[in-house]
Amino acid sequence: MMREARIARKTNETNIDLTLAIDGEGQAELETGVPFLDHMLDLFTKHGQFNLNLDAKGDVEIDDHHTTEDIGICLGQALKEALGDKKGIKRYGNAFVPMDDALAQVVVDLSNRPHFEIRGDIPSSRVGTFDTELVHEFLWKFALEARMNLHVIIHYGRNTHHIIEAVFKAMARALDEATTVDPRIKGVPSTKGML
């Protein structure tokens with residue numbers, strides 16, 4: 001069974017067409033108009049062994065906010081849809097990723113209960129033209145729409161690019177673990193009988 005979903009979202013601010021395959025080969029085709037976000041999503045796809053096709057057009061002449069936020073929404077919706085009934089998945093994932101001076105940890109629970117926490121500092125307000133407060137916006141919307149617990153811990157780091165890169169790589173690795181099908185797991189991994 002192919003765990004894949006396509007999400008199309010069109011508003012007055014953005015027009016997004018996104019396809020996510022959970023069981024992929026780390027291949028990405030990305031066109032968002034937000035170069036730094038393209039870079040982070042490319043890393044996310046490669047290190048999570050997903051496939052991601054994304055075409056996004058947004059009002060980037062104003063700023064990157066609407067495009068970044070709406071991509072987070074669409075990616076979360078695609079992950080939730082692609083997971084289906086979640087039978088046999090590991091459900092939990094945890095990853096530490098170093099990136100030179102930075103160390104980030106991401107812990108996820110594909111619980112169907114959305115929650116987002118982030119601890120630690122992103123020292124600079126911009127990386128190139130990208131407003132780093134949008135990292136929070138993207139991650140929160142991703143967690144909300146995927147209906148998962150997403151906990152991000154930035155243990156330390158000096159370089160803002162390295163810190164954010166470590167977060168996206170750790171999130172990919174944690175989600176790769178959580179979405180893995182384990183043949184020992186019968187049904188959904190919950191005593192409630194559903195997620």
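1. By the rule used here, one cavity of 30 Å³ or more is counted in this predicted model, and the largest cavity has a volume of about 40 Å³. A cavity is a set of points, on a 1 Å grid over the protein atoms alone, where a 1.4 Å probe fits but cannot get out, and its lining residues have an atom within 4 Å of a point. Grid points are joined across faces, edges and corners, and the volume is the space filled by probe spheres set on the points. Rolling a probe the size of a water molecule over the atoms shows where empty space is left.

2. Before going further, please note that this is a predicted model, in which local features need pLDDT of at least 70 and side-chain atom pairs count only at pLDDT 80 or more, while totals for chains, interfaces and linings use all residues. Residues are numbered from 1 along each chain as its sequence is written, and side-chain values use heavy atoms, with hydrogens and water left out.

3. Which residues line the largest cavity? They are Phe36, Leu37, Met40, Thr68, Phe130, Leu134, Val135, Phe138, Ile164 and Phe168. Helix 1 (35-48), helix 3 (133-146) and helix 4 (160-179) each supply at least two residues of this lining; helices (H or I, at least four residues) and strands (E, at least two) are DSSP runs, numbered from the N terminus. By class, the lining has nine nonpolar, one polar and no charged residues, where Ala, Val, Leu, Ile, Met, Phe, Trp, Tyr, Cys and Pro count as nonpolar, Asp, Glu, Lys and Arg as charged, and the others, Gly among them, as polar.

4. Asp64 lies in the loop between strand 4 (51-58) and helix 2 (65-83). Asp64 is buried yet has no salt bridge, and the nearest side chain of opposite charge, Arg126, is 5.9 Å away. Buried means under 20% relative accessible area, exposed over 50%, and partly exposed in between (1.4 Å probe, protein chains only). A salt bridge is a side-chain nitrogen of Lys or Arg within 4 Å of a carboxyl oxygen of Asp or Glu; for charge, Lys and Arg count as positive and Asp and Glu as negative, while His and the chain ends are not counted. Not counting residues up to four places away in sequence, Asp64 touches Val34, Thr129, Phe130 and Leu134, contact being heavy atoms within 4.5 Å.

5. How many salt bridges does the rule give? The count comes to 11. One of them joins Lys57 to Asp55, with the closest N and O atoms 2.9 Å apart; Lys57 is exposed, at a relative accessible area of 51%, whereas Asp55 is partly exposed at 33%. Another is formed by the side chains of Lys87 and Asp85 (3.9 Å, N to O), and here Lys87 is exposed, with a relative accessible area of 53%.

6. A salt bridge also links Lys141 with Glu137, their closest N and O atoms being 2.5 Å apart. These two residues are separated by about one helical turn because they are four residues apart in helix 3, and both Lys141 and Glu137 are buried. Glu69 joins Glu137 and Lys141 in a network of salt bridges.

7. The loop between helix 2 and strand 5 (92-99) deserves a careful look, as it holds Lys86 and also Arg91. Most residues other than glycine have a negative phi. Lys86, although not a glycine, has a positive phi of about 65°, and the phi of Arg91 is also positive, near 80°. Lys86 counts as buried at 4% relative accessibility, and Arg91 counts as buried at 7%.

8. Gly187, in the segment after helix 4, is partly exposed at 31% relative accessibility. Gly187 and Asp85 are 102 residues apart in sequence but 8.9 Å apart in space, C-alpha to C-alpha. Residues up to four places away in sequence aside, Gly187 touches Lys86, Lys87 and Gly88.

9. Two further buried residues may be checked in the same way. Thr19, in strand 2 (residues 14-21), is buried with a relative accessible area of 18%, and beyond its neighbours within four places in sequence it is in contact with Glu4, Ala5, Arg6, Asn51, Leu52 and Asn53. Lys169, in helix 4, is buried with a relative accessible area of 14%, and, with its neighbours within four places in sequence left aside, Lys169 is in contact with Leu43, His47, Val97 and Met99.

Conventions: On a 1 Å grid over the protein atoms alone, a cavity is a set of points where a 1.4 Å probe fits but cannot get out, and a pocket is an open set with protein on both sides within 12 Å along at least five of seven lines; lining residues have an atom within 4 Å of a point.
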